[in-house]
Amino acid sequence: MAPKYANGKICYIEIPAVDVKRSAAFYTAVFGWQTRRRGDGAIAFDDGVGEVSGTWVLGRPPAVTPGLLVYIMVDNIEATMETISRHGGEIVQPVGADAPEITARFRDPGGNIVGLYQEPVSLKP
């Protein structure tokens, strides 16, 4: 399915990285993001549903404290946190801090703090 194109849509994210290949491998292993080479040779990604694209960038400081905070939707937050830890990420805020929302936060291999969000079972279609 082709992504939706509309005014106001979040369409592209640049994620600071120390090692682009390591960050790409992490997000692929944890979230199933697809990676590809852009025309300029940079590694780019498409999220798990093909709606948001982006790339990893060198020479930019990581988002080490939540300012603008991106959350990635997951089916099972506990299993995802285990996968994050196995692949070199670190859980920095466990589930429960934003209750009743089902959220957590992790630090990726580039040092960025990113959020996880799980839709409550009662809201899933």
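**Aromatic cluster and open sheet**

Let's start with the aromatics. Phe26, Tyr27, Phe31, Trp33, Phe45, Trp56 and Phe106 form one aromatic cluster. This is a predicted model: local features need pLDDT of at least 70, side-chain atom pairs count only at pLDDT 80 or more, and totals for chains, interfaces and linings use all residues. Residues are numbered from 1 along each chain as its sequence is written, and side-chain values use heavy atoms, with hydrogens and water left out.

The structure holds nine aromatic pairs (rings of Phe, Tyr and Trp, the last by its six-membered ring, with centres within 6.5 Å; planes under 30 degrees apart are stacked, over 60 edge-to-face, the rest tilted). Take Tyr27 and Trp33: they are stacked, 4.7 Å centre to centre, with 20° between the planes. Both Tyr27 and Trp33 are buried (under 20% relative accessible area, 1.4 Å probe, protein chains only).

Now the sheet. Four strands make an open sheet, ordered β1-β4-β3-β2, with mixed pairing (strands are DSSP runs of E, at least two residues; helices are H or I, at least four; two strands pair if DSSP finds at least two bridges between them). Which strands are at the edges? They are β1 (12–16) and β2 (34–37), and each pairs on one side only. Neighbouring strands are turned by 30° against each other on average, direction ignored.

β2 pairs with β3 (residues 43–46) in the antiparallel sense, over four bridges. There, Gln34 stands opposite Asp46 in β3.

Last, the helix. Helix α1 (residues 20–31) packs on the sheet and touches β1, β2, β3 and β4 (53–57) (contact means heavy atoms within 4.5 Å). The direction of α1 makes about 140° with that of β4 (axes are lines fitted to C-alpha atoms, for helices over the stretch in contact; angles run from 0 to 180 degrees between N-to-C directions).

Technical notes:
Buried means under 20% relative accessible area, exposed over 50%, partly exposed in between (1.4 Å probe, protein chains only).
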